[in-house]
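Please open the structure in your viewer and keep the selection panel at hand.

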Amino acid sequence: LDISLADTAPGPVIRPAKPAINGANVEAFPAEFKVAVDPPEAIIGWARGSQGRIFAMTENYLHLVSSTGNPNLPVTVRPYWRAGFRNPQALCFVNGTLYGYTKNGATRSIADADEGIDEHSFAAPVASIMANWTPARVRIGYDPKNEAICFFHSTAGSGTGARSTECLMYMLRLGIWSPTILISSA
């Protein structure tokens, strides 16, 4: 793991800040302190996990940002999944598991998101439905009432100007997928 500090960082970086009474205290660490994402790619989004971890999304990787407890080097960054994202809203963390829609399709972490392994077999029953989905148009959300991870895919619509969104819900309690839900509007 290469950690770059100050102006030697090759690209997109993470700048930690200490907590403050009214939010983040951005002046708590020197402005020149930064930890680079390796390989250097633009961070398009993030999700907060358990145990103070942050998952940073790039086009080719999902990076794990974790606290070290060391005041001189407060965070480390390492690749977590070797699959990238096209939409900053295509990742969520629920009950200790990451769910995402990467360039490789629907993905989730194994166990408590401790392992850097992505798993696709849970989405095998809906693979034919998701096969034509465009990753840039997929958003993920959590429905607490139904205890479900919702995968939304918006379409451009027809020449009439109507738009539609397909939704597939992965029911956490049952471990099964819902039928396709179609939401449309002119």
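The predictor's confidence in each residue is called pLDDT and runs from 0 to 100. Colour the chain by this value: its mean is 81, and 77% of the residues reach 70 or more. This is a predicted model, in which local features need pLDDT of at least 70 and side-chain atom pairs count only at pLDDT 80 or more, while totals for chains, interfaces and linings use all residues. Residues are numbered from 1 along each chain as its sequence is written, and side-chain values use heavy atoms, with hydrogens and water left out.

Select residues 1-10 to begin. Here pLDDT stays under 50.

Next, display the strands, which are DSSP runs of E with at least two residues, numbered from the N terminus. Two strands pair if DSSP finds at least two bridges between them. Select strand S5 (residues 45-48) together with S6: the two run antiparallel and are joined by four bridges. Gly45 stands opposite Met57 in S6. Five residues lie between the strands of this hairpin, and Gln51 takes a positive phi near 55 degrees. A hairpin of four residues connects S6 to S7, and Phe55 has Leu64 in S7 as its bridge partner.

Rings of Phe, Tyr and Trp (its six-membered ring) pair if their centres lie within 6.5 Å; planes under 30 degrees apart count as stacked, over 60 as edge-to-face and the rest as tilted. Select Phe55, Tyr80, Trp81, Phe85 and Phe93, which form one aromatic cluster. The structure holds 11 aromatic pairs. In one of them, the ring centres of Tyr99 and Tyr170 are 6.4 Å apart and the planes stand at 45 degrees, so the pair is tilted. Tyr99 belongs to strand S10 (residues 97-102) and Tyr170 to strand S15 (residues 163-171), 71 residues apart. Both are buried (under 20% relative accessible area, with a 1.4 Å probe and protein chains only).

Which residues touch the most other members of the largest nonpolar core? A nonpolar core is a set of buried Ala, Val, Leu, Ile, Met, Phe, Trp, Tyr and Cys residues joined through side-chain atoms within 4.5 Å. Among the 28 residues of this core, select Leu62, Leu91, Tyr101, Met130, Phe151 and Trp177. Another core, of seven residues, lies apart from it and includes Val35, Ala56, Val75 and Val77.

Notes:
Contact = heavy atoms within 4.5 Å. Buried < 20%, exposed > 50% of the residue type's maximum accessible area, 1.4 Å probe, protein only.
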